[in-house]
Structures are given as C-alpha cells and as structure tokens.
Amino acid sequence: MTDARTKGAGPKAGLEGGTEPEAGAALKYSFFPGCSLHSTAREYHETAVKSMAALGVELEELEDWNCCGATALSSADTLLSYALPARNLAMVAEVGRPLAVACNSCFVTLNRANAVMASDTPWRKKVQEALAAIGRRLTRPVEIRHTLHILRHEVGLDRLREKVTRRLEGLKVAPYYGCQIARPRHQWGDPELPVEMDEVLAATGAEVVRYDRKTKCCGGALMTTKEDIVLSINEELLREAKARGADIIAVCCPMCQMNLDAYQGKINSRFGTDYSIPIVYYTQLVGFALGLDEAEMGFSRGFVPATKYLRKYA
Amino acid sequence: MEQAEAKAMEVIRQDAFDAAAFLDELASYPSGENIRSCMQCGVCTASCPLSSKMTETPRKIMEMIKTGMRNEVLASDTMWYCASCYACTVRCPQGISMAEVMYALRTIAMKTARNLSTSFYQSFSDTVRRYGRMHESDLMIRFALRTNPLSLLKMGPLGVRMLMKGKMNLMPPSAIRGAKEIARLYDKVAEMEGGA
C-alpha cells in the first residue's frame with residue numbers, strides 16, 4: 001500500500017470497521033521480528049518492543065513466522081522469494097492487524113511480496129497457487145509499517161518528547177538509515193534523504209549531526225561474498241561520521257549494524273584507521289531516553305561498546 | 001540468393017530473434033515490464049555504489065541485454081555485485097527497476113553458474129528450507145562445504161565473539177512449527193517451475 005490514498009492513514013485504515021485511532025490510544029500491531037532480531041540483533045528486538053511499549057504501542061510477535069528470504073532468496077528463486085514472505089502476510093491477514101517490521105531487509109522483502117499481491121500480473125496467481133498448497137490464503141495486500149515510521153508518524157514527536165525523562169543533551173549522533181528502509185519508494189520518507197530518524201533522535205534531546213551518506217548502502221550480505229569492496233564502503237561511512245564529529249552512529253537495520261560494528265576492527269586494520277564509533281539501534285537510544293533500565297538497553301552488546309557515551313545520562 | 005548472403009540473412013534473423021527472446025524473458029519477471037525503455041542515460045551506473053568494481057557497468061549490461069548478448073550477460077560479474085540498495089531504481093527516469101533486473105539475471109544464472117555468490121544464496125535457501133528461519137552457523141557450514149571448508153577457520157574468531165556477545169545461537173533453532181509447511185512450499189514451487 002504505497003499510494004497516496006493511504007498516506008497518513010492510521011494503522012487501522014483498511015480494516016473492517018476501522019476508524020482513526022484517538023490521540024493517545026493504544027496502538028497494536030502484529031510484529032515481524034525476522035531472523036536477525038533473534039540472533040545478531042537481539043538488542044534491537046528487546047529495545048524495539050520495550051521502547052514501543054513505553055510509548056503505548058504493543059508489538060505482538062506474529063506466531064510461527066518464517067524467514068522472509070531476504071536478498072538471498074530473491075537471487076536464488078523468484079517465485080519462492082515471493083511465496084515465502086507471502087506465507088507471513090497470509091498469517092498477518094488472518095490476525096487482522098497491520099504489520100510492524102523493524103529490520104530493513106525484511107521490510108523491503110515483505111513489501112516486495114505485498115506489491116505483487118497488489119498487482120494483476122500472473123505472479124500474483126502463482127503465489128496464491130503456491131500458498132494454496134500449504135493451506136494458506138492471501139487475497140490482497142496487508143498494511144506494513146517500519147517501526148521507525150510508527151514511532152515518527154503514529155506515536156508522533158510530541159508524545160515522544162513528553163515521555164522522555166533522560167534528555168540526551170550533548171550526545172552527537174549520526175543518523176544512518178541504510179538503503180532498504182528508504183528505497184524503493186515506500187509510503188513514507190524520502191528515498192535518498194529521509195528525516196524521520198533525525199527527528200526522533202532530536203526529540204530525545206540528542207544532537208543530530210549532518211550525515212550525507214544516511215542512505216548509502218552498507219553492502220548488506222555482500223560482506224560474505226565481496227568482502228574487500230564492502231569493507232571499503234563501510235570505511236567511507238565511518239569516515240563521514242567521524243568527520244561530522246559524531247560520537248555514535250544510530251541505525252535501524254541489523255545488516256548495517258553488523259557491517260559497521262562487528263567489522264570495524266577489520267576495517268581499522270585494513271585501512272590503517274582508528275575508528276571507535278559505537279553503532280547502536282535508534283530504539284536503544286529512545287528506550288534509554290524514555291528512562292528504561294540502562295542494563296536492558298543492550299549498550300554493551302556492540303563490539304564497540306556505547307556505554308561510555310551514555311553512562312553520564314543514567 | 002547467393003549462399004553466403006543467405007547465411008548472412010540467417011545470422012541477422014537469429015540475432016534479432018535472440019535479442020527479442022532475452023528481452024521477453026526478462027520482461028516476464030515482476031517489475032520487468034519497463035525493461036525495453038532503457039535509453040542508456042547511465043544514471044544507474046552513476047548511482048550505483050558498486051559499479052566501479054563491476055567488469056560491465058549496469059548501463060552497459062542493459063545495452064548488452066538489448067542486443068541479445070545472453071551468454072555474455074549471464075557470464076558477467078555485474079549482478080553478483082548488486083547489493084539491492086535500489087539507488088538505481090528510484091533514480092531511473094524510465095521507471096526500470098534495475099535492482100529487479102539484477103535479481104532476474106541472478107536467478108537465471110543460478111541454474112548454471114557456480115561461484116561464491118551462487119553458493120551463498122543456495123546455502124541460505126537450504127538453511128531456510130530446513131528450519132523455516134535463518135540459522136547463521138548452519139548457513140556458514142553449508143557455505144564453507146560448498147566453497148572452501150578451511151574458510152570456517154577464518155570465520156571462527158568472529159563467530160566466537162558473536163557468541164560471547166549473545167549475538168549468535170550455537171544450538172540450531174528448533175524448527176518452526178510450520179517447517180513442514182515451508183518444505184512443502186519449496187516442493188510446490190519447484191513443481192510449478194518445473195512444469196512451466
């Protein structure tokens with residue numbers, strides 16, 4: 001659902017008897033964590049659920065969800081790359097709530113399948129035929145939201161600002177979105193220079209530094225197959241953050257976090273640099289600013305720990 | 001008609017046929033419908049963060065597709081460098097989804113090519129088929145066995161640090177309840193594609 005008609009519509013839009021949510025009313029979504037949030041991005045999972053709960057948004061994990069297939073399945077098998085995420089979408093449709101997604105890669109993959117379900121190409125019928133073989137049914141697209149979009153557009157900056165108890169004054173943050181939250185075009189956000197994360201971080205009191213590479217790709221899973229070039233791309237991302245005076249980089253995607261953080265040591269030895277920039281999820285900063293327990297925000301989970309920049313606010 | 005001329009005519013017709021067939025093949029993929037409207041402006045190449053590493057740039061690949069150089073296109077390294085960042089796609093003035101063209105080329109090449117990338121994507125797919133979800137150690141073992149088993153030693157230190165940070169699961173995930181459903185979905189798709 002990427003067209004202008006649904007722009008700005010509440011999360012209940014498109015559901016039977018749905019009305020615009022009242023300001024301050026509880027919002028409830030089906031939540032698709034995706035595989036990374038159960039392993040490499042555990043801190044993203046924990047802080048997304050907790051921070052959103054503190055803001056009155058309930059993320060209810062979709063039962064028995066399967067891997068969306070990510071870029072790998074789109075590369076390996078076209079029909080399967082639509083059918084796998086479509087199984088999840090069929091289950092979302094059964095629950096009847098809009099879907100919240102935190103991982104950029106899942107977000108783009110689920111949206112890609114959703115777009116086919118909204119099209120009248122033969123692929124739609126093929127996906128439906130494949131789903132029918134496992135007793136699943138999906139007749140139309142479902143509502144999909146990135147958690148960042150929910151936070152910025154459904155919760156809103158006023159509500160966030162109101163609930164902040166630890167203002168992160170003086171913390172210099174580079175907002176790094178990665179590519180797949182912004183592109184191809186989704187319902188919200190500029191495809192090259194989005195501002196949602198900038199605004200959310202600013203509402204926590206943090207100083208958001210200018211970051212022109214905010215949607216330049218980190219290379220994603222190419223780190224496994226094309227390591228040399230992907231290391232150099234990530235070196236450029238760190239270089240700009242440092243040049244802009246950022247203490248830390250905030251991200252919204254497990255691929256970006258992994259490439260920039262777990263490989264930062266390798267980047268330093270490869271390029272003779274001395275970066276020591278923590279890479280944290282925006283939900284960790286938001287949760288911390290909301291006054292949630294520092295120990296539960298996972299700041300020590302990064303290879304480059306963020307703790308030293310945040311201790312003073314605790 | 002002289003024999004040489006007849007032969008030349010045959011080559012001309014065959015080339016035209018090949019070019020049209022390759023374009024038809026790619027246009028039949030989802031989001032492939034605009035592929036014929038490429039005007040060689042090169043915005044895709046200029047926008048691509050990885051084009052400098054490719055032997056053939058995205059713009060050049062599009063021209064090769066148009067001229068029916070199917071074998072050369074599929075043998076190129078271009079599509080294996082695509083990170084699916086869609087920078088080309090949102091900027092293309094002709095509405096071509098280059099990122100989707102790259103996916104389409106990969107899926108076609110997957111049937112015959114063997115390289116690091118095809119091994120990775122196949123391993124990923126096999127892991128998901130088995131568990132219904134990703135399991136990093138399972139994926140890395142499959143990938144190493146397909147490529148270079150010794151590479152596991154190289155990946156070891158990072159794996160251990162991930163484990164210590166609680167960022168990786170040593171034990172395989174218990175397969176999701178719908179794992180059998182996932183396997184059935186794979187089989188059904190294979191059957192549909194085999195019958196196509």
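Q: Where in chain B does S31(B) lie?
A: S31(B) sits in the loop between α1 (3-27) and α2 (43-47) of chain B. Helices here are DSSP runs (H or I, at least four residues), strands are E runs of at least two, and both are numbered from the N terminus. This is a predicted model, where local features need pLDDT of at least 70, side-chain atom pairs count only at pLDDT 80 or more, and totals for chains, interfaces and linings use all residues. Residues are numbered from 1 along each chain as its sequence is written, while chains are lettered from A and ligands numbered from 1 in the order in which they are written.

Q: Why is S31(B) called buried?
A: There are 24 other C-beta atoms within 10 Å of S31(B). Buried asks for 20 or more within 10 Å (exposed is 12 or fewer, partly exposed in between, with C-beta atoms placed from the backbone), so S31(B) qualifies. Its phi is near 65 degrees, a positive value in a residue other than glycine.

Q: What makes S84(B) buried?
A: S84(B) has 25 other C-beta atoms within 10 Å, so it counts as buried. This serine lies in the loop between α5 (78-81) and α6 (87-91) of chain B, and its phi, near 60 degrees, is positive in a residue other than glycine.

Q: Why are α8(A) and α13(A) called roughly parallel?
A: The axes of α8 (residues 196-203) and α13 (residues 282-289) of chain A cross at roughly 25 degrees and come within 10 Å. Angles under 35 degrees count as roughly parallel (over 145 roughly antiparallel, 65 to 115 roughly perpendicular, the rest oblique), so this pair is roughly parallel.

Q: Which residues of α8(A) and α13(A) meet?
A: M197(A), V200(A) and L201(A) in α8(A) meet Y282(A), L285(A) and V286(A) in α13(A); contact means C-beta atoms, placed from the backbone, within 7 Å. By class, these are 6 nonpolar, no polar and no charged residues. Nonpolar means Ala, Val, Leu, Ile, Met, Phe, Trp, Tyr, Cys and Pro, charged means Asp, Glu, Lys and Arg, and the others, Gly among them, are polar.

Q: How many residues of chain A are in contact with chain B?
A: 47 residues of chain A are in contact with 50 residues of chain B. The elements giving two or more residues to chain A's side include α3 (78-95) and α10 (227-243) of chain A. That side has 23 nonpolar, 13 polar and 11 charged residues.

Q: What kind of peptide bond joins R183(A) and P184(A)?
A: A cis peptide bond, with omega about -15 degrees. P184(A) lies in the loop between β5 (172-175) and α8 of chain A.

Definitions and conventions
Axes fitted to C-alpha atoms, helices over the stretch in contact; angles between N-to-C directions. Contact = placed C-beta atoms within 7 Å.
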